[in-house]
Amino acid sequence: MERHSPTREGRGRTWAKAILLGEHSVVYGHPAVAVPLHDLPMQATATPVPGPSWLNSLDHRGPMDQAGPRFACVVRAFEAAREFSGCPEQSFEITTRSDFPHERGLGSSAAAAGAIIRAVLDACRRKASADDLFALTQLAEQVAHGKPSGLDAAATSSPHPIRFKGGRMRPLSQCIEQAHLVIADSGVHGSTRQAVGGLRLRYEENTGAIGPLIDELGALAQTAVTALGDGDAPALGAAMDRAHTVLAELDLSLPVLDELTASARRAGALGAKLTGGGLGGCVIALADSAQAADRIRSALERSGAPATWTHRMPVSEVKE
Ligand SMILES: C[C@@](O)(CCO)CC(=O)[O-]
């Protein structure tokens with residue numbers, strides 16, 4: 001393989017993501033729909049340095065090898081990218097910057113891993129295909145989550161919303177005119193590893209009761225694909241409401257998430273649900289106009305959400 005000694009700073013960028021429908025059931029082979037949140041970027045730089053590698057992130061500033069278990073995913077991403085680039089011994093100062101909270105179902109681990117991988121490859125002037133980048137990010141995600149479906153790795157680096165199933169993604173170019181997604185942080189950390197592992201145990205112990213609920217989540221994700229294609233916001237909202245009920249029946253919700261989704265519905269949301277692994281993290285709510293999104297956002301803030309964001313749903317810029 002051709003080797004380049006890195007001499008310059010490399011940069012990488014990914015984004016937060018919101019899962020519209022299909023979290024958890026995607027792990028069991030069902031489809032899921034996710035939206036990259038391009039207003040919430042994760043940026044990384046990789047600067048070649050002498051001496052030990054260094055990590056500057058929101059929660060750690062110090063030598064990479066002292067970053068601790070919480071950063072194992074980031075360290076794995078860094079090592080995999082150096083290996084892939086043919087410079088496994090080169091030290092870097094890695095800096096990540098993001099405007100969204102971590103461990104809240106917005107894909108921070110996949111976004112950080114993806115941005116670091118791109119930054120190291122850029123510094124080493126190493127080209128990689130989309131499949132290579134996905135596989136490298138999945139190596140890091142395995143450290144974070146055990147057996148990730150790949151949905152987060154795909155969605156956090158996608159230029160457009162995606163349908164994801166069985167490790168394969170397809171862009172969704174359809175849009176719902178005027179629709180907005182309101183995202184609200186519950187302020188509670190959610191561990192995806194714990195949520196996915198706990199559900200797996202319950203599924204193995206009681207497949208007869210848990211299996212049909214997981215199948216229903218998959219069917220609701222397929223309904224979302226159709227609703228997006230038809231521009232049918234009420235159908236998408238109804239699928240989101242039902243998905244939240246099913247996720248709660250699977251013990252993946254918390255009272256604070258139930259309260260936030262109820263508050264969004266009272267303020268006029270067409271549908272609302274938790275998003276991501278659950279047991280904390282964020283909720284999403286579907287609004288049929290910018291004005292409705294403002295009302296829902298205010299209601300969520302009054303209900304105690306420490307941070308909220310609005311994302312415009314129409315996807316006009318699908319450039320393949
Ligand atoms: C809960 C889950 O479906 C999404 C986490 O963002 C896990 C996965 O897809 O690997």
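Here is a short exchange about cysteines, pockets and cavities in this predicted model.

Me: Why is Cys 124 called buried?
Reply: Buried means under 20% relative accessible area. Cys 124 has a relative accessibility of 1%, so it counts as buried.

Me: What makes Cys 282 buried or exposed?
Reply: The cut-off for buried is under 20% relative accessible area. Cys 282 has a relative accessible area of 0%, so it is buried.

Me: How do you know that Cys 282 is too far from the closest cysteine sulfur for a bond?
Reply: A disulfide is a covalent bond between the sulfur atoms of two cysteines. To be counted as one, the sulfur atoms have to be within 2.5 Å. The closest cysteine sulfur to that of Cys 282 is in Cys 73, 18 Å away, so the pair is too far apart for a bond.

Me: And how many disulfides does a search of the whole structure find?
Reply: Zero disulfides turn up in the whole structure.

Me: Which domains does the lining of the largest pocket draw on?
Reply: Domain 1 (10-171) and domain 2 (180-312) each give at least three residues to the lining of the largest pocket.

Me: What makes the second largest cavity count in a search for cavities of 30 Å³ or more?
Reply: Its volume is about 40 Å³, and the search takes cavities of 30 Å³ or more, finding two in the whole structure.

Me: Which residues line the second largest cavity, and how do they divide by class?
Reply: Among them are Glu 103, Arg 104, Thr 192, Thr 275 and Gly 281. The lining has no nonpolar residues, eight polar and two charged. Domain 1 (10-171) and domain 2 (180-312) each supply at least three residues of the lining of the second largest cavity.

Methods: Residues numbered from 1 in each chain as written. Predicted model: local features only at pLDDT ≥ 70, side-chain atom pairs only at ≥ 80, totals over all residues. Heavy atoms only, no water. Buried < 20%, exposed > 50% of the residue type's maximum accessible area, 1.4 Å probe, protein only. Domains from an automatic or database assignment. 1 Å grid on protein atoms, 1.4 Å probe; cavity = no way out; pocket = protein on both sides within 12 Å on 5 of 7 lines; lining within 4 Å. Points joined across faces, edges and corners; volume = space filled by probe spheres on them. Nonpolar A, V, L, I, M, F, W, Y, C, P; charged D, E, K, R; others polar.
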